[in-house]
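User: Got a model open here. Can you walk me through the fold, then the core and the helix packing?
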Amino acid sequence: MGRTFWINCVESDNVKYYLIFDPLFSNRDSIYDNDDRDFQFAMFCEITLKLLKNINFQPNVIHANDLDALVCCYKVAKKLKCKLIYDSHEVFLENFNISKVHKMIYKYYEKKLIKKVDKFICVSNAASAYFK
C-alpha cells in the first residue's frame, strides 16, 4: 500500500510554489527536532521526485538550503541539467544531534557534493573556513 500525501500549487507573481503536505510529518511542532529527521527528509526527497514526474518543471537553478536537502537537489539538478546552488545556513554537522553513523554519511555527501555545486553560499567567514 502506498503512502498518502497532498501537493498544492500556489502561484504568485508568475512563480509557482509547490507545497507538500504529508500527514506523517506535517502535524509536528518542529521540522528539525525529531528523532526520525533522516527518514523525514528521505520521504520528502521521494515525494519531490514523484512530483517532478507529474509537472512540467524545467528550472534554470535549483537551490538547496541545507545539507540534508542537498542530496535530493543534486539528483534533481543533474537530471534536469540545471545549475545547483548550495546555501549552507550553518555547519550542519555541528548543529544537530545526530548519531555517529549518520554524521559519517552526511560528511561523505557533504565532501562529495560541495565540489559539484555551481555556486556555494555560506552564512559567515567562519563557516566558509570550515568548508575549505
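User: How many helices and strands in the secondary structure?
Analyst: This is a predicted model. The protein has 6 helices and 5 strands.

User: What order do the elements run in from the N terminus?
Analyst: The order is β-β-α-α-β-α-β-α-α-β-α.

User: What share of the residues counts as buried?
Analyst: 32% of the 132 residues.

User: And of contacts between residues at least 6 apart in sequence, how many join residues at least 24 apart?
Analyst: That comes to 44%.

User: OK, core next. Which residues of the largest nonpolar core touch the most other members?
Analyst: Ile 62, Ala 64, Leu 70, Val 76, Leu 84 and Tyr 86. The core has 19 residues.

User: Where does the largest share come from?
Analyst: From H3, which supplies 8 residues.

User: Take Val 76. What is it in contact with, leaving aside neighbours within four places in sequence?
Analyst: Leu 49, Leu 52 and Ile 62.

User: Switching to helix packing. What angle do H3 and H5 pack at?
Analyst: About 55 degrees, and their axes are 10 Å apart. H3 and H5 are therefore oblique to each other.

User: Left-handed or right-handed crossing?
Analyst: Left-handed, as H3 passes H5.

User: Which residues meet there?
Analyst: H3 brings Leu 67, Asp 68, Leu 70, Val 71 and Tyr 74. H5 brings Tyr 106, Tyr 109, Glu 110 and Leu 113.

User: One more residue, Cys 72. Where is its place?
Analyst: Cys 72 is in helix H3.

User: Buried or exposed?
Analyst: Cys 72 is buried. Its relative accessible area is 5%, and the cut-off for buried is under 20%, so Cys 72 qualifies.

User: What is Cys 72 in contact with, again leaving aside neighbours within four places?
Analyst: Cys 45 and Thr 48.

User: How many residues apart in sequence are Cys 72 and Thr 48?
Analyst: 24 residues apart in sequence. In space, Cys 72 and Thr 48 are 8.3 Å apart, C-alpha to C-alpha.

Methods: Residues are numbered from 1 along each chain as its sequence is written. This is a predicted model: local features need pLDDT of at least 70, side-chain atom pairs count only at pLDDT 80 or more; totals for chains, interfaces and linings use all residues. Side-chain values use heavy atoms; hydrogens and water are left out. A nonpolar core is a set of buried Ala, Val, Leu, Ile, Met, Phe, Trp, Tyr and Cys residues joined through side-chain atoms within 4.5 Å. Buried means under 20% relative accessible area, exposed over 50%, partly exposed in between (1.4 Å probe, protein chains only). Helices (H or I, at least four residues) and strands (E, at least two) are DSSP runs, numbered from the N terminus. Contact means heavy atoms within 4.5 Å. Axes are lines fitted to C-alpha atoms, for helices over the stretch in contact, and angles run from 0 to 180 degrees between N-to-C directions. Angles under 35 degrees count as roughly parallel, over 145 as roughly antiparallel, 65 to 115 as roughly perpendicular and the rest as oblique. A crossing is left-handed if the near helix is turned anticlockwise from the far one by less than a right angle, and right-handed if clockwise.
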